[in-house]
Amino acid sequence: MCPVKLREQRVEIPAPDGDIQAIVIEPAGPPPRRGVLYYTDIFQLTESTLRTARQLASAGFLVCLPEIYPRALAGVALEFDDAGKQAGLAAAASTTTAQFDADCAAALDYLEQRDDLDEIDVVGFCLGGHLAFRAAFDPRVAATVCFYPTGLHNGALGADDAGSLAQAARIGGRLMTIFGSHDPHVPAEARLEIVTALYAAGLEHLELHVYRGGEHAFMRDVGPRYDPVLTDLSLTEAISFLHAR
């Protein structure tokens, strides 16, 4: 592989309830022409998340990572401990589905208004995987990859029942979902419910990957759940999918 240098900058995305802080990562040199809206897990813009985003950017994407809690935790990257987990869950519980959707529209507006992008894709992890699924409702999104999305099967997202799975027919682009087989947040029966609903909604450009032995958040390179082999496999599949193979 050829070496790839990246450049990063912090930006502020205008939104109805105030600017959203975000990080944009892209290859140095000619514009990549393909943008990815990247939704983090509940811990926001951690160094672990940025490492994964850099890998994605090195594959030829401009990657935009907005904070998912601009109202409750602006400028805060949470620690991977019990206090950080509780703070992230509390911030989610204080955010309505309408607010998440408004922030999504603002982020997509930001990417659409750039003159160096021809396509917008979305990826998301954990709660961010659920947000990525909802972002796919927007016709501007060409392809979406949801990594172990939580709450799809039961509507759990924030302060209210998001009812996202029941709206799957709104997705017009390509969709990939990636799970670990040992994920207690999305067990086998929940995965079955999700994929059954997706096919029932008439989605044709759909892929499902379940990695044997993968735990929840197996791609987070901090802590005992991390699986580097499954991480590499997942990123390879996701990048190939986003590039439309």
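**Close-up views of a predicted model**

**View 1. T49 lies in helix 1.** The model shown is predicted: local features need pLDDT of at least 70, side-chain atom pairs count only at pLDDT 80 or more, and totals for chains, interfaces and linings use all residues. Residues are numbered from 1 along each chain as its sequence is written, and side-chain values use heavy atoms, with hydrogens and water left out. Helices (H or I, at least four residues) and strands (E, at least two) are DSSP runs, numbered from the N terminus. Is T49 buried or exposed? T49 is buried, at a relative accessible area of 7%. Buried means under 20% relative accessible area, exposed means over 50%, and partly exposed lies in between (1.4 Å probe, protein chains only). Which residues does T49 contact, leaving aside neighbours within four places in sequence? They are Y38, T40, D41, Q44 and L65. Contact means heavy atoms within 4.5 Å.

**View 2. Helix 6 spans residues 228-242.** Helix 6 has 15 residues. From its first C-alpha to its last it reaches 21 Å, close to the 21 Å expected at 1.5 Å a residue. That expected span is 1.5 Å times one less than the number of residues. At the start of helix 6, look for D227. One of its side-chain oxygens comes to within 3.1 Å of the backbone nitrogen of V229. A polar contact is a pair of N or O atoms within 3.5 Å; within protein, one must be able to donate a hydrogen and the other to accept it, and residues adjacent in sequence count only if both atoms are side-chain atoms. After helix 6 comes A244, with a positive phi near 60°.

**View 3. Helix 6 has buried residues and exposed ones.** L230, T231, S234, L235, A238, I239, F241 and L242 are its buried residues. Why do they share one side of helix 6? They cover an arc of only 160° around the axis, so they sit on the same side of helix 6. The arc is that of the directions from the helix axis to the C-beta atoms. On the other side, V229 and T236 are exposed. What covers the buried residues of helix 6? The cover includes strand 3 (33-39), helix 1 (47-57), strand 5 (117-125), strand 6 (141-147), strand 7 (174-182) and strand 8 (206-215).

**View 4. Strand 6 pairs with strand 5 and with strand 7.** Two strands pair if DSSP finds at least two bridges between them. Strand 5 and strand 6 pair in the parallel sense, over six bridges. V123 stands opposite V145 of strand 6. From strand 5, the chain crosses through helix 4 to strand 6 in a right-handed β-α-β crossover. Right-handed means that, with the strands pointing away from the viewer, the path from the first strand over the helix to the second runs clockwise. Strand 6 and strand 7 also run parallel, joined by five bridges. Here T144 faces L175, and C146 stands opposite T177. Six of the seven residues of strand 6 are buried, so this strand is largely enclosed by the rest of the structure.

**View 5. Strand 7 is mostly covered.** Seven of its nine residues are buried. Strand 7 pairs with strand 8 in the parallel sense, over seven bridges. Which residue of strand 8 is the bridge partner of L175? L206 is that partner. Strand 7, helix 5 (residues 188-200) and strand 8 form a right-handed β-α-β unit.

**View 6. F147 lies in strand 6.** F147 is buried, with a relative accessible area of 1%. Not counting residues up to four places away in sequence, F147 touches V123, G124, F125, C126, G129, I178, M219, S234 and A238. F147 and D41 are 106 residues apart in sequence. In space they are 9.9 Å apart, C-alpha to C-alpha.

**View 7. C126 and Y148 each have a positive phi.** Most residues other than glycine have a negative phi. C126 is not a glycine, yet its phi is positive, about 60°. C126 sits in the loop between strand 5 and helix 4 (127-135). It is buried, with a relative accessible area of 9%. Y148 lies in the loop between strand 6 and strand 7. Its phi is near 35°. Y148 counts as buried, at 3% relative accessibility.
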